[in-house]
Amino acid sequence: MPDKETAGGPASARLHALVMDLVRTGGFLDPDQAALPGRPLTLSQGFALHELEVSGPLSQRALSERLRLDKSSVSRIAADLQAQGLVERDRDPADRRVLLLRITDAGLALRARLASGFNARFDAWTSRMAPAELDALLLGLPALIRVMHEDQEEAPIR
């Protein structure tokens, strides 16, 4: 079992190197990385569409909390998505001062194409993994995400 006794130990160093390679190989370093070839949609915009589809209408504040992005970034994302006809802004019937972002039918269609493309990519990758490797990934990745969530709850984004 890897040594995880000390900060910066072999497991920490290996995980750091793996995450760096994942981010680099996945093309996530480019903030303008297109989520879908041939469509001017950034990864952040793709994540915003996902959150709006899964959660229903959200205020910009709620969306910024879910995406863990500052309000000005989410404001730009929302404006860009609205300009493309992928989201609409509606007044919250419970509080008319609040604008809710709602995914449009065009946004839902694009979101479905994005999901299909990502699933095809993941299927291609995981089909080349040994069953034990896939099992380990499906066990370890949720554990890493869980402890990352625990840290975020201790230190919320400002």
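**Figure 1. Order of the secondary-structure elements.** From the N terminus on, the elements of this protein run α-β-β-α-β-α-α-β-β-α-α, which comes to 6 helices and 5 strands. Helices (H or I, at least four residues) and strands (E, at least two) are DSSP runs, numbered from the N terminus. The model is predicted, so local features need pLDDT of at least 70 and side-chain atom pairs count only at pLDDT 80 or more, while totals for chains, interfaces and linings use all residues. Residues are numbered from 1 along each chain as its sequence is written, and side-chain values use heavy atoms, with hydrogens and water left out. Of the 158 residues in the protein, 22% are buried, where buried means under 20% relative accessible area, exposed over 50%, and partly exposed in between (1.4 Å probe, protein chains only). Among contacts between residues at least 6 apart in sequence, 43% join residues at least 24 apart, a contact being heavy atoms within 4.5 Å.

Figure 2. Side chains of opposite charge can pair when their charged atoms come close. A salt bridge is counted here when a side-chain nitrogen of Lys or Arg lies within 4 Å of a carboxyl oxygen of Asp or Glu, and the structure holds 8 salt bridges. In this view the side chains of Arg-111 and Glu-53 meet in such a bridge, at 3.1 Å from N to O. Because Arg-111 belongs to helix α5 (residues 105-126) and Glu-53 to helix α2 (residues 43-55), the pair ties together parts that are 58 residues apart in sequence. Arg-111 is buried, with a relative accessible area of 13%, whereas Glu-53 is partly exposed, at 38%.

Figure 3. The side chains of Arg-102 and Asp-90 form a salt bridge with an N to O distance of 3.1 Å. Arg-102 lies in strand β5 (residues 95-103) and Asp-90 in strand β4 (residues 87-92), so this pair ties together parts that are 12 residues apart in sequence. Arg-102 counts as partly exposed, at 30% relative accessibility, and Asp-90 also counts as partly exposed, at 31%. Glu-88, Asp-90 and Arg-102 are linked in a network of salt bridges.

Figure 4. The side chains of Arg-146 and Glu-150 meet in a salt bridge, at 3.4 Å from N to O. Being 4 residues apart in helix α6 (residues 131-154), Arg-146 and Glu-150 are separated by about one helical turn. Arg-146 is partly exposed, at 46% relative accessibility, and Glu-150 is partly exposed, with a relative accessible area of 37%.

**Figure 5. The surroundings of Ser-59.** Ser-59 lies in strand β3 (residues 58-59) and counts as buried, at 17% relative accessibility. The side chain of Ser-59 reaches the backbone nitrogen of Ala-62 at 3.0 Å. When residues up to four places away in sequence are not counted, Ser-59 touches Val-98, Leu-99 and Leu-100.

Figure 6. α2 and helix α3 (residues 60-67) pack at an angle of about 115°, with their axes 10 Å apart; axes are lines fitted to C-alpha atoms, for helices over the stretch in contact, and angles run from 0 to 180 degrees between N-to-C directions. That makes α2 roughly perpendicular to α3, given that angles under 35 degrees count as roughly parallel, over 145 as roughly antiparallel, 65 to 115 as roughly perpendicular and the rest as oblique. The contact is made by Ser-44, Phe-47, Ala-48, Glu-51 and Ser-55 of α2 and by Leu-63, Arg-66 and Leu-67 of α3. The axes of α3 and helix α4 (residues 71-83) come within 9 Å and cross at roughly 110°, which makes α3 roughly perpendicular to α4. This contact is made by Gln-60, Arg-61, Leu-63, Ser-64 and Leu-67 of α3 and by Lys-71, Val-74, Ser-75 and Ala-78 of α4.

**Figure 7. Arg-68 in the loop between α3 and α4****.** Most residues other than glycine have a negative phi. The phi of Arg-68, however, is near 60°, a positive value in a residue other than glycine. Arg-68 is partly exposed, with a relative accessible area of 28%.

Note on methods:
A polar contact is a pair of N or O atoms within 3.5 Å; within protein, one must be able to donate a hydrogen and the other to accept it, and residues adjacent in sequence count only if both atoms are side-chain atoms.
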